Amino acid sequence: MDKEEDPRNGGDHVTTTKRLKLTRLITETELRSEFSHHEPGVARINNGSFGCCPESVLTAQSSWQLRFLQQPDRFYFSALRPNLLRSRALIQTLINAEHIDEVSLVDNATTAAAIVLQQIGRRFSDNQNDTVVMFSCAFPAVKKSIQAYVTRAGGSVIEVDLPFPVKSNSEIIAVFRKGLAKAKSDGHKVRLAIIDHITSMPSVLIPVRELVRICREEAVDQVFVDAAHAIGSVPVDVEQIGADFYVSNLYKWFFAPPSVAFLYCRRSNPSSSEMHHPVVSHEYGNGLPIESSWIGTRDYTPQLVVPAIMDFVNRFEGGSEGIMRRNHEEVVRMAEMLAEAWGTSLGSPPEMCASMVMLGLPSKLRISSDEDAMRLRSHLREKYGVEVPTYYRPPKNVKSESEPKDKDGFITGYARISHQVYNTVEDYYKFRDAINQIILEEDLS
Ligand SMILES: Cc1ncc(COP(=O)(O)O)c(C=O)c1O
């Protein structure tokens, strides 16, 4: 059957033409109502982990779910495909991809990593000198994929330590270059570089364009950018970035419900035709975007709400770009306010942050292990209603002037604070006061 004849391509006319919409800006009351399902009393300054989804997008999702349940066959044969295409077309424009076939919708960044690494892993079986270069703080689930697809196939991994606290892009570029040079001097062929666009923990905005350019210079075979946190928090232009593969979750900073991500696969990369979804179903062999559009019966509605998300973001001044800019400005302002209140410092300069900032916690908290950091996080949630991820960083060189300190000792704990449209300054005051109270009143021995 011809692609055009396939009834699942449906009758809905898909158009990517931008219609002029005169949208009224969202009011404060409407904004609060969009997030009224958030548990009251919780200072939610961790948008980075699980994102958020406004009421209007959830309503759009429910209506898709209902449409499926009302007449599943019609939904499958005439609505699903063209509307997935509409979502993909919007993403294509948003990220400046050359062709719609470069954009697939998948569940999340973990799935995308499995797709990319499965393809790469097949190449490792022939040559034991093949290696992957990545940051040691790459997301743990992605590292597990490397273990499953690359290490098991005989490939090796070179991990580059991200400098943290970090002062400039040039520090990151220097260590990355060193990692590639080490691969060369050890006689390895770098089959794949994995570069985070915004690392998870510690969180830093990486000079991804520059690192991809270096990879090209150094003849790295393929480059995969794990940009789980990028879309909706930094402008994304995949043409300019120039990687072979680029994944970003839509549910983190782009207001999608759980769970959807886009995976961009550059068409000029010869391997792009070898990409397969790890769940093999009816569409196997028809190209990744189509394979991913039916991987068995399940809920596809998170992938269908991209138009509703666009409507939501366009109610804010400056649309998505305005949201990104304000989130960045606000999260930096809040981090500086807290650092001043506690006498600590930020883990990177503001220009190396998007909508998340690493913020030094007072040394009096005596965080001296990952477990301590995790205990503090749970304690903030359970006793103080503050949701924020924490991070332990042992002192590297206690004799060094550059070792981060406050007036009482070395800063060994950091919080990763986020800012999203629903946050208010009170959320950050609540966090400030909780930490002050823990130091004043609780036994920290
Ligand atoms: C850098 C990075 N990569 C990958 C992931 C995994 O995302 P998901 O759980 O949606 O697959 C995350 C999640 O926070 C992340 O921060």
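Residues are numbered from 1 along each chain as its sequence is written. Because the model is predicted, local features need pLDDT of at least 70 and side-chain atom pairs count only at pLDDT 80 or more, while totals for chains, interfaces and linings use all residues. Helices (H or I, at least four residues) and strands (E, at least two) are DSSP runs, numbered from the N terminus.

**Helix H12**

Helix H12 spans residues 306–313, and its buried residues are Val306, Ala308, Ile309, Phe312 and Val313. They cover an arc of only 155° around the axis, which puts them on the same side of H12; the arc is that of the directions from the helix axis to the C-beta atoms. A residue is buried if 20 or more other C-beta atoms lie within 10 Å of its own, exposed if 12 or fewer, and partly exposed in between, with C-beta atoms placed from the backbone. The packing partners of these buried residues are helix H3 (55–70), helix H4 (72–95) and helix H13 (319–342). Contact here requires C-beta atoms, placed from the backbone, to lie within 7 Å.

**The three-stranded sheet**

Three strands form an open sheet in the order E9-E14-E11, with antiparallel pairing. Strands E9 (356–360) and E11 (390–392) stand at the edges with a single partner strand each, so one side of each is left without a neighbour in the sheet. The twist averages 30° from one strand to the next. Strands pair if DSSP finds at least two bridges between them; E11 and E14 (residues 413–418) are joined by three bridges and run antiparallel. Within this part of the sheet, tyrosine 392 stands opposite glycine 413 in E14.

H13 packs on the sheet, touching E9 and E14, and its direction makes about 5° with that of E9. Helix H14 (residues 370–384) lies across E11 and E14, running at about 165° to E11. Axes are lines fitted to C-alpha atoms, for helices over the stretch in contact, and angles run from 0 to 180 degrees between N-to-C directions.

Most residues other than glycine have a negative phi, and most peptide bonds are trans.

Asparagine 96 is partly exposed, with 14 other C-beta atoms within 10 Å, whereas phenylalanine 255 counts as buried, with 27 C-beta neighbours inside 10 Å.

Definitions and conventions: Contact = placed C-beta atoms within 7 Å.
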